[in-house]
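Open the model in your viewer and keep the selection tool at hand. The stops below go from the whole chain down to single side chains.

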Amino acid sequence: MTNSLTRTAAAGLLASLLLLSACTTEEGKTTLAGGAIGAGAGAVVGALAGNAALGAGLGGAAGLLGGYLYDKYEDDKKTAE
């Protein structure tokens, strides 16, 4: 039961990230790409640890934050030039 729920949650997260990445601005793509990479990496690490859904959720959140911060950094760098 838990394994099926984990797979369903991971598939749902991946599908929603793919759908959201298709309808965003150029600035938001970095944030969503970070979230997708983080979710994928988190799912792999979570699967090894026994909970892929939790790993995907935490990795996705960390990736979104990292992508957002990187995007802001690049925007500030362009503004300064």
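Show the surface first. The accessible surface of the protein comes to about 5,500 Å², by the Shrake-Rupley method with a 1.4 Å probe, where for residues only the protein chains shown count as cover. Carbon and sulfur atoms hold 68% of that surface. This is a predicted model: local features need pLDDT of at least 70, side-chain atom pairs count only at pLDDT 80 or more, and totals for chains, interfaces and linings use all residues. Residues are numbered from 1 along each chain as its sequence is written, and side-chain values use heavy atoms, with hydrogens and water left out.

Colour by burial next. Of the 81 residues in the protein, 26% are buried (under 20% relative accessible area; exposed is over 50%, partly exposed in between; 1.4 Å probe, protein chains only).

Switch to cartoon. The protein has 3 helices and 0 strands, running α-α-α from the N terminus. Helices (H or I, at least four residues) and strands (E, at least two) are DSSP runs, numbered from the N terminus. Now draw the contacts (heavy atoms within 4.5 Å). Among those between residues at least 6 apart in sequence, 53% join residues at least 24 apart.

Select residues 52–80. This is helix 3, and Leu65 sits in it.

Leu64 counts as partly exposed because its relative accessibility is 33%. Which residues does Leu64 touch, not counting those up to four places away in sequence? Select Thr31, Leu32, Gly34 and Gly35. Then pick the C-alpha atoms of Leu64 and Ala36: they are 7.9 Å apart, across 28 residues of chain.

Finish with the rings. The whole structure has 1 aromatic pair. Tyr70 and Tyr73 form this tilted pair, at 6.5 Å centre to centre and 40 degrees between the planes. Rings of Phe, Tyr and Trp (its six-membered ring) pair if their centres lie within 6.5 Å; planes under 30 degrees apart are stacked, over 60 edge-to-face, the rest tilted. Tyr70 and Tyr73 are 3 residues apart in helix 3, so about one helical turn separates them. Tyr70 is partly exposed at 47% relative accessibility, and Tyr73 is partly exposed at 48%.
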